[in-house]
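Good morning, and thank you for coming.

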Amino acid sequence: MVDLIKYTRKGLADAPSNPILKFSDYASKIPDVVKFTLGEPDFNTPDHIKEAAKKGIDNNHSHYAPSNGTIGLRKAATDFLAQKYGQKYDAETEVLVTNGVSESIFDAVVACLNPGDIMVVPTPIFPLYMSDVNLLNEGVKIVRVDTSEDGFKLTPAKLQKVLDQYGEKVRMLVMNYPTNPTGVMYTQKELDDLANVIRDQPIFALCDEIYSELNYDQPHASMEKTLHDQVILLNGVSKAWAMTGYRIGIVCAPQPILEQIAKIHQTIVTTEPTPMQDAAEEAFKNGMNDSQPMKQEFQQRRDALYHGLTEIGFECAKPQGAFYIFAKIPDGLEQDDTKFIYDLVDQARVAVSAGSSFGRAGQGYIRFSYAVSMDEINEGLKRIAKFVKENQQ
Ligand SMILES: Cc1ncc(COP(=O)(O)O)c(C=O)c1O
């Protein structure tokens with residue numbers, strides 16, 4: 001028999017599977033486990049949005065939509081972004097509807113980077129930007145900037161240092177705010193200061209704002225406000241409307257850039273499912289404030305989990321957005337975060353994510369998602385407190 005594996009894409013067979021998914025599968029097999037691993041809201045999609053999807057099916061919206069997305073959805077999305085955050089994009093020419101923000105990232109990275117280019121990524125961060133490059137953009141170098149000493153925020157000085165070191169090769173800066181996995185949010189001034197470092201240089205700012213509606217302590221700030229021409233803005237319905245399974249993301253960019261990104265989408269996806277676009281249109285149009293009750297609930301859970309973890313001895317930056325807490329493993333416990341999460345789930349039946357899954361800067365940390373009920377938070381905290389007491393040296 002021919003060994004076809006060795007003829008598949010170079011490096012693919014040896015590439016590790018997603019460690020977060022691997023661990024989640026492992027943890028799911030443990031009875032009565034409390035899972036703080038989920039990266040999606042534990043709420044249901046609002047009823048009026050579900051109705052819109054059903055209506056789309058009943059009305060035979062079963063044909064290919066325009067490749068960039070239905071004009072109804074693109075208009076609803078641009079109206080939403082303009083009204084909520086003052087972000088101005090033309091629905092006809094500057095918006096692309098994708099298969100979740102996951103595809104938006106893929107399309108942008110493939111369309112905008114060439115061999116020899118450098119992508120700058122502040123870490124710890126959602127790992128997909130880096131895995132897309134590792135898998136597909138041969139010759140693109142990733143420069144990771146460790147933010148753990150700076151409250152998990154990229155500083156203008158550190159960004160400038162990267163530019164001084166790598167010069168014109170730097171082609172893309174990745175920003176995600178509120179940030180997965182730390183829940184950190186930048187102020188408008190901080191984003192403006194970073195924008196000033198790359199302004200008028202041939203550098204794309206890939207701004208992933210998928211958690212824009214889940215901001216607890218301040219209004220949403222955006223790099224788009226002061227760097228419109230260089231920003232590729234990503235957003236979507238997955239998190240704010242609890243629609244992860246609908247798979248709708250949005251890319252906004254100045255027309256000439258968007259046209260290039262759209263070519264990648266045309267090639268790999270053609271278009272998104274039409275009834276799902278009807279549902280997302282309804283979310284943006286008539287669900288402007290749907291996330292409010294969810295946000296209040298998340299805020300209470302954040303406070304409970306943050307206080308509980310701090311009392312047990314975990315050091316964590318208080319998150320201001322998204323639904324994650326990034327906690328430092330206390331001294332006297334296993335400091336290898338991957339070993340730590342397996343010990344914790346085996347001994348205490350509590351599942352969390354390893355910090356190093358979000359880049360080397362996350363080593364020695366664990367990520368909690370508080371997209372779980374208050375009862376689970378209380379039970380989880382009890383089990384963790386016992387685990388720490390029994391294992392700390
Ligand atoms: C920062 C960030 N961007 C993008 C995504 C993916 O979003 P989607 O479900 O719309 O593909 C996630 C999901 O966890 C995320 O945390």
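Helices (H or I, at least four residues) and strands (E, at least two) are DSSP runs, numbered from the N terminus. Before going on, please note that this is a predicted model, in which local features need pLDDT of at least 70 and side-chain atom pairs count only at pLDDT 80 or more, while totals for chains, interfaces and linings use all residues. Residues are numbered from 1 along each chain as its sequence is written.

Leu96 belongs to strand 2, residues 95-98, where Leu96 and Thr98 point one way and Val95 and Val97 the other, all of them buried. A residue is buried if 20 or more other C-beta atoms lie within 10 Å of its own, exposed if 12 or fewer, and partly exposed in between, with C-beta atoms placed from the backbone. In a regular strand, side chains alternate between the two faces of the sheet.

What joins strand 2 to strand 8? There are 4 bridges, and the two strands run antiparallel. Two strands pair if DSSP finds at least two bridges between them. Val95 stands opposite Cys252 in strand 8.

Two residues are in contact if their C-beta atoms, placed from the backbone, lie within 7 Å.

In strand 6 (residues 204-208) we find Asp208. Why does Asp208 count as buried? Because Asp208 has 27 C-beta neighbours inside 10 Å. Leaving aside neighbours within four places in sequence, the contacts of Asp208 are Val101, Met175, Asn176 and Leu234. Asn176 is 32 residues away along the chain, yet its C-alpha atom and that of Asp208 are separated by 4.6 Å.

Val101 brings us to helix 4 and the ligand. Helix 4 (residues 100-112) gives the most to the shell around the ligand, namely 3 residues. Of the 13 residues in that shell, Gly100, Val101, Ser102, Asn180 and Ser238 come nearest. Here a residue is near a molecule or strand if its C-beta atom, placed from the backbone, lies within 6 Å of it. Helix 4 is mostly covered, with 11 of its 13 residues buried; among them are Glu103, Phe106 and Asp107.

Finally, there is an open sheet of 4 strands, ordered 9-10-13-12, with antiparallel pairing. Strand 9 (315-316) and strand 12 (353-354) each have a single partner strand, so one side of each is left without a neighbour in the sheet. Strand 10 (residues 324-328) and strand 13 (residues 365-369) pair over 5 bridges, and Tyr324 stands opposite Ser369 in strand 13. Helix 11 (residues 291-312) packs on this sheet, touching strand 9, strand 10 and strand 13.

How values were computed: Axes are lines fitted to C-alpha atoms, for helices over the stretch in contact, and angles run from 0 to 180 degrees between N-to-C directions.
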